[in-house]
Amino acid sequence: MKRRVLPALLLPLALLLTACGGSSSANSGGSTDGTGSLTLNVGDQKGGYEAILRASGELDDLDYRIKWSTFTSGPPLLEAVSAGAVDIGGVGNTPPVFAAGADSNITVIGATHGSSAGEVIVVPEESPLKKPAQLKGASIAVAQGSSAHFQLVASLKKAGLGIEDVKLKYLQPADALAAFSRGKVDAWAIWDPYTSQVLRTADARVLTTGEGVVNGLGFQVASPASLKDGKKSQAIGDLLVRLERAQKWVFEHPEEWAEVWAKETGLPFEVALDAVKLSYGTRVPVAIDAAAIASEQEIADTFAELKLIPRRFDFEDYVDTRFNRDLPASSTAPRSYGKASS
């Protein structure tokens, strides 16, 4: 049966929990040689910062060194930032909310905006469910505390439903994929590359997407102590500029990046390319402006109301806008640099 996804396909995706919650440990990713005595400790995720910077040539001519630590998800990466073990790392739109809700020692310093088309709720192809309002009473798999969790909450609200109207199955992506493929749940709330994988390998269709529902933001988060160090702060600023140029390179070379990403993650090339075109190739660095902060505040208030974070807080208290430069507004960012593949 097409819906019986082979277990082998679950393994590489277990490395790609870029937006999800859950626990994980860090692995040393080695060092990037540069010049000078300063070492910047960067938290990464498989197929993340280091891969895109190296593929685009942006690790050339560094006047500082980078020590990479690889994490399988945002929450443990931010734990390392809070502990001062990592100077900077990139995560999705929800991990900073959970970290700030726990009063972690973090500062949000950079943002990206992209399409939310890869944030979806999928159902089996033969499912009688045709619109989100019909999810009442359905069992839905979702990773607790993930961007998909908020997308599910927001999609249900838009359809006139609440979390209490459905049966949530809190499952990490690999387990959720297995449950969905075996018909153990009625729907699955996910993000790319899981979206691209399940649509290629399982008998599934999209019930609804996050477009117009979630903010499509991702963040770079730094240690406050690192930002107080003049030399490290300068290196962090340089890294953010290099990441901006690297993202532009992705827009201009989507297939080349998909090849690199597939090798880094173990994803089939076709799945990687789908995810690049649908989600990862749409990201644009943006300013952390009032609109971005307000959007994150909505997420924070939602999870506080659901009692999934221990307290209410002002997201703005965890933001430093010194690196905004002349970046576009978060709500009006272009979806490409003008050369993205369709």
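Reader: How much space lies in the largest pocket?

Author: The largest pocket holds about 310 Å³ of space. Please note that this is a predicted model.

Reader: Which residues are closest to the centre of that pocket?

Author: Of the 15 residues that line the largest pocket, Val153, Ala154, Lys157, Thr302 and Glu305 are the closest to its centre.

Reader: And which element gives the most to the lining of the largest pocket?

Author: Helix α5 does, with 6 residues. Both α5 and α12 supply at least two residues each to this lining.

Reader: How does the lining of the largest pocket divide by class?

Author: There are 8 nonpolar, 2 polar and 5 charged residues in the lining of the largest pocket.

Reader: Turning to the aromatic pairs, how many does the structure hold?

Author: The structure holds 7 aromatic pairs. One of them is formed by Phe150 and Phe303; this pair is tilted, at 6.2 Å centre to centre with 50° between the planes. It links distant parts of the chain, with Phe150 in helix α5 (residues 147-158) and Phe303 in helix α12 (residues 290-305), 153 residues apart.

Reader: Are Phe150 and Phe303 buried or exposed?

Author: Phe150 and Phe303 are both buried.

Reader: Which residues do ring pairs link into a cluster?

Author: The cluster consists of Phe180, Trp188, Trp191 and Tyr194, joined by ring pairs. Trp188, Trp191 and Tyr194 are also among the residues that line the second largest cavity.

Reader: What else lines the second largest cavity?

Author: The lining also includes Val142, Ala143, Leu171, Pro173, Ala189 and Ile190. Strand β9 (residues 187-190) provides the largest share, 3 residues. By class, the lining has 9 nonpolar residues, no polar ones and no charged ones.

Reader: How much space lies in the second largest cavity, and how many cavities are there of 30 Å³ or more?

Author: About 30 Å³ of space lies in the second largest cavity. The structure holds 2 cavities of 30 Å³ or more.

Reader: A change of topic: where is the place of Asn215?

Author: Asn215 sits in the loop between β10 (204-209) and β11 (217-222).

Reader: Why does Asn215 count as buried?

Author: Asn215 counts as buried because its relative accessible area is 13%, and buried means under 20%.

Reader: Which side chains does a polar contact join to that of Asn215?

Author: The side chain of Asn215 makes a polar contact of 3.0 Å with that of Asn93. Another polar contact, of 2.9 Å, joins the side chains of Asn215 and Ser295.

Reader: Which residues does Asn215 touch, not counting residues up to four places away in sequence?

Author: With those neighbours in sequence left out, Asn215 touches Asn93, His113, Ser116, Ser295, Glu296 and Ile299.

Reader: Now helix α3: which of its residues are buried?

Author: In helix α3 (residues 74-83), the buried residues are Gly74, Pro76, Leu77, Leu78, Ala80 and Val81.

Reader: What do the buried residues of α3 pack against?

Author: They pack against β2 (39-45), β3 (65-71), β4 (88-91), α4 (95-101) and β11.

Reader: What follows α3?

Author: Gly84 follows α3, and the phi of Gly84 is positive, near 85°.

Reader: Finally, how many helices and strands are there in the protein?

Author: The protein has 12 helices and 12 strands. Of its 342 residues, 59% are buried. Among contacts between residues at least 6 apart in sequence, 84% join residues at least 24 apart.

Technical notes:
Residues are numbered from 1 along each chain as its sequence is written. This is a predicted model: local features need pLDDT of at least 70, side-chain atom pairs count only at pLDDT 80 or more; totals for chains, interfaces and linings use all residues. Side-chain values use heavy atoms; hydrogens and water are left out. On a 1 Å grid over the protein atoms alone, a cavity is a set of points where a 1.4 Å probe fits but cannot get out, and a pocket is an open set with protein on both sides within 12 Å along at least five of seven lines; lining residues have an atom within 4 Å of a point. Grid points are joined across faces, edges and corners, and a volume is the space filled by probe spheres set on the points. Helices (H or I, at least four residues) and strands (E, at least two) are DSSP runs, numbered from the N terminus. Ala, Val, Leu, Ile, Met, Phe, Trp, Tyr, Cys and Pro count as nonpolar, Asp, Glu, Lys and Arg as charged, and the others, Gly among them, as polar. Rings of Phe, Tyr and Trp (its six-membered ring) pair if their centres lie within 6.5 Å; planes under 30 degrees apart count as stacked, over 60 as edge-to-face and the rest as tilted. Buried means under 20% relative accessible area, exposed over 50%, partly exposed in between (1.4 Å probe, protein chains only). A polar contact is a pair of N or O atoms within 3.5 Å; within protein, one must be able to donate a hydrogen and the other to accept it, and residues adjacent in sequence count only if both atoms are side-chain atoms. Contact means heavy atoms within 4.5 Å.
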